[in-house]
Amino acid sequence: MGRFILKCLKCGKEYGQQYRLTCENDDSLLRAIYFEEKLELRNQPGIGKFHSWLPIEKELDTEAGPITYKSEAFARELGLSNLYIGFSGYWPERGAFIKTCSFKELEAHPIMQFLLENGAKAIVLASAGNTGRASAHVSALTGTDVYIVVPDSGIEKLWLPEEPTESIHLISMGPGNDYTDAINLAGRIAKLPGMVPEGGARNVARRDGMGTVMLDAAVTIGRMPDHYFQAVGSGTGGISAWEASLRLRADGRFGSKLPKLQLAQNLPFVPMYNAWKAGRREIIPEIDMKDAKKQVEETYASVLTNRTPPYGVTGGLYDALVDTNGIMYAITREEALEAKALFESREGIDILPPSAVATAALLKAVEAGNVGKDDIILLNLAGGGYKRLKKDIKLHQIQPVATARNPDIPLEELNI
Ligand SMILES: *Cc1c(COP(=O)(O)O)cnc(C)c1O
Ligand SMILES: [Zn+2]
């Protein structure tokens, strides 16, 4: 029986609900097709509410979940009458209890559950910081082994709201390696016996976990928003919001028009912005991210620096932008910092750098007339409340068990 099937978006081949990242015939993303066609909210405090459209059997009972609220002060500043904030982070006054402070926890819970239900023992992933922290937290809660590969720039982001457990295996990469190097090393570790790759955007649990931000907004507002704003590095959140809106449209109770994706990257590293602006499905590295490593080092929000995003693949971000008549923005550090200060002073909560980039994109969109003043807008602030959290909880740094010089290091040398 089961609750869903996986279906290839290119050749249409259907698979059962076993853990699977790729089609046998091509490289398309797979999508979960749920037998529950209408969203039926469960009586759970966090993302477990959205069990209808999560690829797991057991309902998640975590308190971590997205929240949506209508902005007043910040919206007034922008002259917008229907601005909704999707907030993933820690803000107890508003009922937000993601103690790792980003929407990566919305994927970490269902991914870990999906893997456990498939008999996996250890999961391997690469992270620029936020994904690693979220999965380390879920590992600490569930005892499932995780191997997390993080570039130098991400190590400081690997803290936890509890004592780290032995189930967390953090592998740092030496200076000169970026997030994409971490992805490459994680790919090699994942081939060791007993290890399962997390799979990034290819993992439907990841996408459908992130998609709950859109679901929560639609349920809170009573319909889908007209516009969806987010900062993207891999674009997985954008793909997820699009897929969630396709399900909401099919449900029938939340409107029929898909939210327009309005997504942002930060300068100088903006490969998807460049490719989209040129009308291309392919990212051409020499054009779209020349001197990528140097650009990555110069960016403000380093979690937005994936050099191999699921952009051109069938069912990826390019398709999502085409289907929603989307827009992409390139944001400077100054614009992000300005937007951050404005938002924080009006709404009274701190936000993470990528959320500042998303906020700056909204300011640009208002200026450019890419949103109407009465349009229903969802600003997905995918990370925040870190300063707020530190007032309530003592944080613990996770210590690496090994350091890799480069992504090609012989794995015996790592001794993990
Ligand atoms: C990961 C992350 C993003 C970018 O997510 P995508 O995978 O590119 O959609 C944006 N904001 C925060 C806070 C993040 O952690
Ligand atoms: Zn296929």
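Tutor: Start with a definition: a residue is buried under 20% relative accessible area, exposed over 50% and partly exposed in between (1.4 Å probe, protein chains only). C8 has a relative accessible area of 2%, so C8 is buried. C11 comes out at 39%, and therefore counts as partly exposed.

The model is predicted: local features need pLDDT of at least 70, side-chain atom pairs need 80 or more, and totals for chains, interfaces and linings use all residues. Residues are numbered from 1 along each chain as its sequence is written, chains are lettered from A and ligands numbered from 1 in the order written, and side-chain values use heavy atoms, without hydrogens and water.

C8 and C11 both belong to the site of the zinc ion (ligand 2), where the donor atoms are SG of C8, C11 and C23 and OD of D26. These donors sit at 2.2 to 2.3 Å (a donor is an N, O or S atom within 2.8 Å of the metal, or 3.2 Å for Na, K and Ca). Read along the sequence, the donor residues follow the spacing C-x2-C-x11-C-x2-D.

Strands (DSSP runs of E, at least two residues) and helices (runs of H or I, at least four) are numbered from the N terminus. Strand β1 covers residues 4–8, and 4 of its 5 residues are buried, so the rest of the structure largely encloses β1. Strand β3, at residues 30–34, is antiparallel to β1 and joined to it by 5 bridges (two strands pair if DSSP finds at least two). Strand β2, at residues 14–15, also runs antiparallel to β1, with 2 bridges. K7 can be followed to either side: its bridge partner is R31 in β3 and E14 in β2. L6 has Y15 in β2 as a bridge partner. The hairpin of β1 and β2 has 5 residues between its strands, and in that hairpin G12 takes a positive phi near 85°. Taken together, the order β2-β1-β3 makes an open, antiparallel sheet of 3 strands. β2 and β3 are at its edges with a single partner strand each, so each has one side without a neighbour in the sheet.

Strand β10, at residues 168–173, runs parallel to β17 and is joined to it by 3 bridges. Within that pair, S172 stands opposite T403 in β17.

Two helices complete the tour. Helix α2 spans residues 104–117 and includes I111. Of its 14 residues, 12 are buried, so α2 is largely enclosed by the rest of the structure. Among the buried residues of α2 are K104, E105, H109 and F114. I111 is buried because its relative accessible area is 3%. Not counting residues up to four places away in sequence, I111 touches I123, E198, N203, A205 and R206 (contact means heavy atoms within 4.5 Å). I111 and L54 are 57 residues apart in sequence, while their C-alpha atoms are 9.6 Å apart in space. Just after α2, G119 has a positive phi of about 75°.

The other helix is α4, where T180 is found. T180 has 4% relative accessibility, so T180 counts as buried. Apart from neighbours within four places in sequence, the residues in contact with T180 are T305, N306, R307 and T308.
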